[in-house]
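Hi everyone, thanks for coming.

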Amino acid sequence: MSESNPRKFSSKPDRYTLFDVRTVTTMAMIVALAYAAMAVCKLLIPKIGGFLSLDIIDAVIGIGGFLFGPVAAVMMIVVEAFIEAITLSTTGWYGFVMNVLSTVLLICPAVIIYRHKGKTSGAVIGLCVGVVFRLLGMIVFNYIVTPMYFGMPRASVVELMPMIALFNLVKGTLNAALLMILYPPVSKTLRKIGLVAPSKAQSGGEARKFSYVPLIVSLLVLAGAVLVVLKMLKVI
């Protein structure tokens, strides 16, 4: 049986249910990795503008979403955000809701479109849609909820909106690019050790031609997003 290239996106798995022991185990591992990534980012990356936290939770949860579907993605981010809320977060329910909503808006459209198309192009289109959904959703959320939670005039939030919008655009783009880079090798490894079911392409012995284009583009996008972040942090 031929194996698909580790840098190619594979079609959705054709066995193992959402509550299979191996699936639950893998989801728990992904949640733990997402929490660890969040903690490291909080420790190493200063808040942008004094209140905007950059992390790569979405990229980690996105791996699980691409593997197990949108319902699994929602379950994983809810668990991760809850654990964060009762341990490291200082914003209570507000931070919990914002973390869940921002990840769902980015990852769920990407997962749905990708699993429908089952190709790398589906992942790219889905993530582009997710970045836009996240941007618009966070603008609306901050406009409506932030003044009520912090007890500040809505006009003050509107003044901060350009920074908030740019931050969410950059954060969404950075996580999307990182997900495109990490998903192929991670999914290949998880399938190889039996924690994730083989894709339909793998089960059928289908070999796929390797292409460096998605990887190169993702690396360039990631580099650009990092440069913007450094600029926002006034490092460069």
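**Salt bridges, one by one**

Okay, let's start with lysine 171 and aspartate 55: their side chains meet in a salt bridge, at 3.3 Å from N to O. Now look at where the two partners sit, because this pair links distant parts of the chain. Lysine 171 is in helix 7, which covers residues 154-192. Aspartate 55 is in the loop between helix 1 (21-44) and helix 2 (57-68).

What about its partner? Aspartate 55 has 10% relative accessibility, so by that cut-off it's buried as well.

Before I move on, a word on what you're looking at: this is a predicted model. How confident is the predictor? The mean pLDDT of the protein is 89, and 89% of its residues reach 70 or more. Confidence is highest in helix 2, at a mean of 97, and lowest in helix 8 (residues 200-203), at 57. Keep helix 2 in mind, please.

Here's the next pair. Arginine 134 forms a salt bridge with aspartate 58, and the closest N and O atoms are 2.7 Å apart. Arginine 134 has a relative accessible area of 2%, so it's buried. For aspartate 58 the value is 2%, so it's buried too.

Aspartate 20 forms a salt bridge with arginine 22, with 3.5 Å between the closest N and O atoms. Arginine 22 has a relative accessible area of 37%, which lies between the 20% and 50% cut-offs, so we call it partly exposed.

How many salt bridges does the structure hold? Four.

Find leucine 215, which sits in helix 9 (residues 213-232). At 18% relative accessible area it's under the 20% cut-off, so leucine 215 is buried. Leucine 215 and leucine 178 are 37 residues apart in sequence, and their C-alpha atoms are 9.8 Å apart in space.

Key: Residues are numbered from 1 along each chain as its sequence is written. This is a predicted model: local features need pLDDT of at least 70, side-chain atom pairs count only at pLDDT 80 or more; totals for chains, interfaces and linings use all residues. Side-chain values use heavy atoms; hydrogens and water are left out. Buried means under 20% relative accessible area, exposed over 50%, partly exposed in between (1.4 Å probe, protein chains only). Helices (H or I, at least four residues) and strands (E, at least two) are DSSP runs, numbered from the N terminus. pLDDT is the predictor's confidence in each residue, from 0 to 100.
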